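Colleague: I have the model open and would like to go through it with you. Could you take my questions as they come?

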Amino acid sequence: MDLLTPGPGLIIWQAFVFLLLFLLLSKLAWKPILGSLKEREASIQQALDSAENAKKEMASLKADNEKLLREAREERDKILKEAREAANRMHDQAQADAKKNADKIIEDAKAIIHTEKNAALREVKAQVAMFSLEIAEKLIKKNLSDDKAQKELAETYIKELKLN
Amino acid sequence: MKKPFFATKSTFFGFILVVFASVFSPVLAAEEQEHEAEPFNASEVILHHVMDDHQWHFADWLVLPLPVIVYSEEQGLDIFSSSRFYDDHHQVVEYNGYKLEHNHIYLADSGKAVFDLSITKNVAMLFINAGLLLFVFLSVARGFQRNQGKAPKGLQSFFEPIILFVRDEIVKPNIGHHYEKYLPYMLTLFFFILFGNLLGLLPGAGNLTGNIAVTMTLAVFTFLITNFSGNKGYWGHIFWTPGVPLPLRIVILPVEIIGIFTKPFSLMIRLFVAITAGHIVLLSLICLTFIFGSILVGLGSSLIVLFINLIELLVAGIQAYVFTMFSSMYIGMAVADHGHDH
C-alpha cells in the first residue's frame, strides 16, 4: 500500500525543511517572543510587588505619622503644662516678693514713723518744759514783786499743805 | 486553565469555519466536474486525493505541473517538469528514459526505481506551510518587539494566547523545570502540525500532515530528542528497572526496549490516521453523490460534509495538541529526576 509506505524523497524534504524552519523560527521568532513574554511577566510581577510594597510603606508611613502626631500632641501638652506651672510659680514668686517688699516698706515706714514720733515728742516735751519754765518765771516775777504777795503765796501753800 | 483555552479555541475555529464554509461549496462543484465523464471509482478518487502526487491536480482543467528531481546511478541527476510525463490527452508517457507508474518513477529500460527528490504536491505544501509559519511568526515576533511594554496587538494578540497555552499547558507541566530548552522545538512542532492540518483542509490542498513520511519524520525528531536527552534514571529504568525482582527485570527489559520505539511509532500513526481518516471520510461522503448520482443525496452529503468539516477543524487543533503533548511527555520522562520515585 502506497499510503502506508513513507516516500524517501518526502522524508528528506520534510527533515530538511522542518530543521530549517526550527532553526529560523527559534532564532528569529521564538527567542524574541518568549523573551518578551518572560520580560513582560517579570515586569508585571515586579509592578505587583512594588504596588504591594508601596501599600505596606503607606501603612507604615501612616502609622509613623500617627505616632508622630501623638508624640507631638503629648509634647505640646507637656510644654503647655510646664509653661502653666512656670507661670504659676513665677506669679506666686512675684506675689511673695511683692508682699515681702511691701511688708518691708511698711516695716521700715513704721520704724521711721516711730523714731520720728519719738523725736517729735521729745522736742515737744522739751519745748513745753521750756514754755512752762518761761511762763512760770514770768508769773513768779510778776507775783513776787512785793513782799505781801510773797507772803500770801506762802500762806496759800501752807493751807494746801494742811489740807493734804 | 484548560477551559479558557477551549473557549478561545472554539471562537478561533468558529471564525475559520465561516471562511471555510464559504470556500467549500466551490470545491464540491469542482469535484463534480472532475468525475462526471468516466465510470466512477470512489476508492481511486479518494486515494488520489489523500496521497502524494507529482503534479498539483486542482481540477481536470487546472493542473499545476511540479518539478521532478530524480537521481539514478545510470542517468545521474535530472530535473524536469512533471508535465513531460503527460501528453496532450492526459495520458502518461515516458520521458527521457524515465517512466511514471503509480506515482513512482522508474528507469524505462531496466525498470529500476530511481531516487526521487521531486517537489511533489506534499513537498510544495511543505514549502507553503513553512513559508506561512515563517511569515506569521516573524510578524508576531516583530509585534512583540514593536509593542514592547505595551499591550499586544493584531496578529500578536491572536497567537500570544496559543503560544502561552503551548508553553504553560503542554510543555511546562509535561517536561518539568528543564522545559525551556525544548520549548522552541515544541512550538515549532505544534504550529507546524496545526498549520499543516488547517492548510490540508483547504480545497485542493495536499494532505501534508496526513502523510506518513511527514508524521514519521516528526516522530523521529521527537524520538531522537527524547533518547539523546535521556538521563541516567531514564536508561536505568529501561535496562535495569528498579524495585522489581530480578527474574522480572529480564522479562521487562525487552518490553522496555520495545517501548522506546513504540512511543514515536504511536506518534507517527496517530497523526497520520487522524488526518488521513478525516480526509477519507469527507471524500467518501462527497463520492456518495456520484455513486448515487442524485441531487438529494448530494444535498444531504454536503450538509454532513459541512458538519464533518467542523469536526476536522477541531481535530486539526486536537492532533497538534496531542502530538506536542505526547512529545513533551516522552521527553519529560527522559529528563525527569527519578530519584524520588522509589
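Colleague: Leaving aside its neighbours within four places in sequence, which residues is B:Phe190 in contact with?

Modeller: Apart from those neighbours, B:Phe190 is in contact with B:Val166, B:Ala320 and B:Thr324, where contact means that the C-beta atoms, placed from the backbone, lie within 7 Å. Before we go on, this is a predicted model, in which local features need pLDDT of at least 70 and side-chain atom pairs count only at pLDDT 80 or more, while totals for chains, interfaces and linings use all residues. Residues are numbered from 1 along each chain as its sequence is written, and chains are lettered from A and ligands numbered from 1 in the order in which they are written.

Colleague: Fine. Which residues have the most contacts inside the largest nonpolar core?

Modeller: Those are B:Met186 and B:Phe190, in a core of 67 residues. A nonpolar core here is a set of buried Ala, Val, Leu, Ile, Met, Phe, Trp, Tyr and Cys residues joined through C-beta atoms within 7 Å. A residue is buried if 20 or more other C-beta atoms lie within 10 Å of its own, exposed if 12 or fewer, and partly exposed in between, with C-beta atoms placed from the backbone.

Colleague: And which elements give two or more residues to this core?

Modeller: From chain A there is α1 (8-143), and from chain B there are α3, α4, α5, α6, α8 (246-292) and α9 (295-335). The largest share, 14 residues, comes from α5(B). Helices (H or I, at least four residues) and strands (E, at least two) are DSSP runs, numbered from the N terminus. Apart from this core lies another of nine residues, among them B:Ile280, B:Leu283, B:Cys287 and B:Val305.

Colleague: Is B:Ile258 buried or exposed?

Modeller: B:Ile258, which is in helix α8 of chain B, counts as exposed because it has 11 C-beta neighbours inside 10 Å. B:Ile238 is 20 residues away from B:Ile258 in sequence, and the two are 9.9 Å apart in space, C-alpha to C-alpha.

Colleague: Now the strands. In what order do the three strands of the open sheet run?

Modeller: The order is β4-β3-β7 in chain B, and the pairing is antiparallel; strands pair if DSSP finds at least two bridges between them. The edge strands, each pairing on one side only, are β4 (76-81) and β7 (115-116) of chain B. Six bridges join β3 (residues 67-72) of chain B to β4(B), and B:Ile69 stands opposite B:Ile79 in β4(B).

Colleague: How many residues lie between β5(B) and β6(B) in their hairpin?

Modeller: There are two, and B:His102 in the turn has a positive phi of about 50°. The strands, residues 98-101 and residues 104-107 of chain B, pair in the antiparallel sense over four bridges, and the bridge partner of B:Tyr98 is B:Leu107 in β6(B). B:Asn103, in the loop between β5 and β6 of chain B, has phi near 70°, a positive value in a residue other than glycine. B:Asn103 is partly exposed, with 15 other C-beta atoms within 10 Å.

How values were computed: Contact = placed C-beta atoms within 7 Å.
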